[in-house]
Amino acid sequence: MVKKELEITPATLEWQDAYKLLVGSILPRPIAFVSTMDRKGTANAAPFSFFTAICADPMLICFSPMRRGTDGAKKDTLVNIENTRQFVINIVSEGMASKMNDCAIEFPTDVDEIEEVGLTKERSIKVSVPRIKESLVHLECELYQVLHFGDKPGAGSLVIGKVIHVHVNDGLYSHGRIDTAQLAPIGRMAGNIFTDPLAKTFEMLRKTEKR
Ligand SMILES: Cc1cc2nc3c(=O)[nH]c(=O)nc-3n(C[C@H](O)[C@H](O)[C@H](O)COP(=O)(O)O)c2cc1C
C-alpha cells in the first residue's frame with residue numbers, strides 16, 4: 001500500500017494554522033502557571049504550555065509567551081519579567097485547573113488576576129513576586145535570558161529562568177522524589193482538551209546494556 005502524506009512548508013501557512021500543527025503534534029504539554037508583578041506591585045498570573053526544563057545544574061527552565069494574536073503586543077507576563085527579572089512557576093494540580101484557565105482571560109493590566117479568579121497569593125522567599133498558594137510545587141525564578149523571535153502575531157519569545165528556590169508541599173516529597181499521584185498535574189493537548197497524566201500511565205524500564 002502506498003503511504004500517503006501531506007507535505008507542509010510552515011512558511012506558507014497563516015500563523016494560526018502553523019500554531020495548530022505545533023499544538024497538535026507536540027503534546028501533551030505541561031503547564032507553567034507563571035506569576036509575575038508589574039512595576040506598581042500588581043500581581044499577574046497566566047498559563048503557558050510551551051514550557052519545559054532545560055538542565056539541573058544550574059537549574060534552568062524555559063517557557064514561550066507568544067505575541068498577542070490581535071496586535072502583536074507583548075503579553076503582560078513578558079513585560080513584567082523584563083521589568084522585574086523575576087517570576088514564579090506554579091505547578092497546576094487538577095483541583096485548580098479551572099481557575100488557571102480563567103487566568104488566560106485578557107484582563108486589563110492593572111487587574112490582580114490571582115485575586116480576580118479566586119486564587120490566593122502567598123509570599124515567596126527569594127523573589128518579591130507572589131506565588132499561588134493553591135499550587136503544591138513552586139519554582140521561584142530569576143530571569144536568566146530572554147530571546148525574541150519577531151514582533152508580529154504568531155511570533156514569540158523564549159524566557160529562560162534560573163530556579164533559585166523550590167517549595168514542595170509537605171507530604172508530597174519523600175526520598176528525594178515528588179509523589180506524582182498527590183501532585184495530580186494536568187497537561188494540555190490541542191485546543192480546549194486537557195489531560196490528567198495519571199489517567200493512563202505505563203512503566204518502561206530503561207535498558208542499561210551498552211553495545
Ligand atoms: C492551558 C493554557 C496554556 C497556554 N499556553 C500558552 C503559551 O504557551 N504561550 C502563550 O503565549 N500563551 C499561552 N496561553 C494563553 C495565555 O495564557 C493568555 O494569552 C494570557 O492572557 C496571557 O496573560 P498575560 O497577558 O497576563 O501574560 C495559554 C492558555 C492556556 C489556558
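Which atom of Arg68 lies 2.4 Å from an oxygen atom of the ligand? In this predicted model, the atom in question is a polar one in the side chain of Arg68. Met66, by contrast, places a backbone N or O atom 2.7 Å from a ligand oxygen atom. Each of these pairs counts as a polar contact, because the cut-off for two N or O atoms is 3.5 Å. Of the 650 Å² of accessible area that the ligand has on its own, the protein covers 92%.

The surroundings of the ligand may be considered next.

Attention now turns to a sheet. Strands of a sheet pair through backbone hydrogen bonds, and the pairing may be parallel or antiparallel. Here, three strands in the order S1-S13-S14 make up an open sheet with antiparallel pairing. Strand S1 (29-30) and strand S14 (194-195) are the edge strands, each pairing on one side only. S1 is joined to strand S13, residues 187-188, by two bridges. Within this antiparallel pair, Arg29 stands opposite Arg188 of S13.

As a general rule, most peptide bonds are trans, and most residues other than glycine have a negative phi. Which residues are joined by a cis peptide bond with omega of about -5°? They are Leu27 and Pro28, and Pro28 belongs to the loop between helix H1 (15-25) and S1. A cis peptide bond with omega of about 5° links Asp57 to Pro58. Pro58 is located in the loop between strand S4 (51-56) and strand S5 (59-63). A further backbone feature concerns His175, a residue other than glycine whose phi is positive, near 50°. His175 is situated in the loop that lies between strand S11 (173-174) and strand S12 (177-178).

How values were computed: Residues are numbered from 1 along each chain as its sequence is written. This is a predicted model: local features need pLDDT of at least 70, side-chain atom pairs count only at pLDDT 80 or more; totals for chains, interfaces and linings use all residues. Side-chain values use heavy atoms; hydrogens and water are left out. A polar contact is a pair of N or O atoms within 3.5 Å; within protein, one must be able to donate a hydrogen and the other to accept it, and residues adjacent in sequence count only if both atoms are side-chain atoms. Accessible areas come from the Shrake-Rupley method with a 1.4 Å probe; for residues, only the protein chains shown count as cover. Two strands pair if DSSP finds at least two bridges between them. Helices (H or I, at least four residues) and strands (E, at least two) are DSSP runs, numbered from the N terminus.
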